[in-house]
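User: Please take me through some local features of this structure, with the cut-offs for the terms used.

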Amino acid sequence: MFRTRRSVSTRKLWRQRCTTPNRGQGEGASPNPDDLQNALRQVAHQLFKKLKDEQLWQLAEAVECKGRWDCGCVWVPWDSRAGKQGLAPHVLLCRLYRWPDLRQAGELKRLLECEAYWKKNTDGGLLCCNPYHFSRLSAPDEPPPLSCKVREPTRPALTESYSYHPNVRGWQDTTLSRSTNRDSYWCKLAYWEHRTRVGRLYNVSEPSIHIFHDLPKGSGFCLGHLGSESRNEAVKRTRVKIGQGVILSREVDGVWVYNRSDHPIFINSPTLAPINTRGQLVYKVLSGYSIKVFDAERALSLSGCSALGDGPCDPHSVRISFAKGWGSCYSRQFITSCPCWLEILLNRPR
């Protein structure tokens, strides 16, 4: 009886979700009712018939909490050779529950927390179709959505782990270079409110880290626990918008950032800028999207600041502002004017 009630409840929840016009802030365009009620609904019914009650309930929990906690993988039998005959199950569910305008699997990126990320071959096997085990790709090859260029002040605000040298175009990471030989940290995080750093440097040694303000069952770098005596109203309002924050992950091809919050984030990284670009570009990344913020090979090819503009810049440093942008398109010209922002200090290779 219990399993029957759960199965009915899960299918009822699915029907409600498939006809709800609001898919959540920042996750794609408004859904098309014809798609929801006709083609996609018929395909989804066929998919759900393959799922056990436990899997249906697991999927319902993931959709209800919108990824606020990990509900685990939802495995579906899948042969990639049959993919050309219709939508892959993970593409179907991501379109239903997150991005109605999603077109193909190539627009998606699987998160490290998904077990399927570590499986090289899914032919004839099982495929995870939990829609919150995916992010949507932002294309760094295209111009930033707001096309904002940043020109930093002559002497930017830095963490105490940096030492600025007026006679050198750029700055040197004196503390991290000394610690690299004796620890396994691949990066350190510094949280800022305007020009004031709040809390200590946070060391990251795991492949991925959650950085958030408020996340039930969450573990990682919790910004909500950091106190400050000089916090103003603008900072307080912005801190609330951080919500689920971001996931920072070190992968084979570089370092990625996934925006889990309900608001956009703004990112500046030297390795994102096109070659011979003057000034530093700020990229707007919408909710549910991810972007590669650091490429080691590209960083090695950057010589000082000659290709990055007039101000000092470290190719191993990435900056993220929560909810508020900066640059020529905003009243905030510099990131130090943003209420809440994050500095990612990557360890240099030995």
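**Loops and a helix pair**

Analyst: With a relative accessible area of 32%, Gly 220 is partly exposed, that is, between buried (under 20%) and exposed (over 50%), for a 1.4 Å probe and protein chains only. The model is predicted: local features need pLDDT of at least 70, side-chain atom pairs count only at pLDDT 80 or more, and totals for chains, interfaces and linings use all residues. Residues are numbered from 1 along each chain as its sequence is written, and side-chain values use heavy atoms, without hydrogens and water.

User: Which residues is Gly 220 in contact with, leaving aside its neighbours within four places in sequence?

Analyst: Gly 220 sits in the loop between strand 10 (208-212) and strand 11 (221-222); strands (E, at least two residues) and helices (H or I, at least four) are DSSP runs numbered from the N terminus. Its C-alpha is 9.3 Å from that of Val 204, at a sequence separation of 16 residues. With contact meaning heavy atoms within 4.5 Å, and sequence neighbours within four places set aside, Gly 220 touches Tyr 202, Ile 209, His 210 and Phe 212.

User: Is Ala 323 buried or exposed?

Analyst: Ala 323 lies in the loop between strand 17 (317-322) and strand 18 (341-346). Its phi is positive, about 70°, although it is not a glycine. Because its relative accessibility is 18%, Ala 323 counts as buried.

User: What is the relative accessibility of His 194?

Analyst: His 194 belongs to the loop between strand 8 (187-193) and strand 9 (196-204). This residue other than glycine has a positive phi, near 55°. His 194 counts as partly exposed because its relative accessibility is 23%.

User: At roughly what angle do the axes of helix 3 and helix 5 cross?

Analyst: The axes of helix 3 (residues 39-49) and helix 5 (residues 89-97) come within 11 Å. Helix 3 passes helix 5 in a left-handed crossing. The contact between them involves 10 nonpolar residues, no polar ones and one charged. The axes cross at roughly 125°.

User: Which residues of helix 3 are buried, and how wide an arc do they cover?

Analyst: The face of helix 3 turned away from its buried side carries the exposed Gln 42 and Lys 49. The buried residues of helix 3 are Leu 40, Ala 44, Leu 47 and Phe 48. They are on the same side of helix 3 because the arc they cover around the axis, taken from the directions to the C-beta atoms, is only 95°.

Definitions and conventions: Axes fitted to C-alpha atoms, helices over the stretch in contact; angles between N-to-C directions. Left-handed = near helix turned anticlockwise from the far one by under 90°. Nonpolar A, V, L, I, M, F, W, Y, C, P; charged D, E, K, R; others polar.
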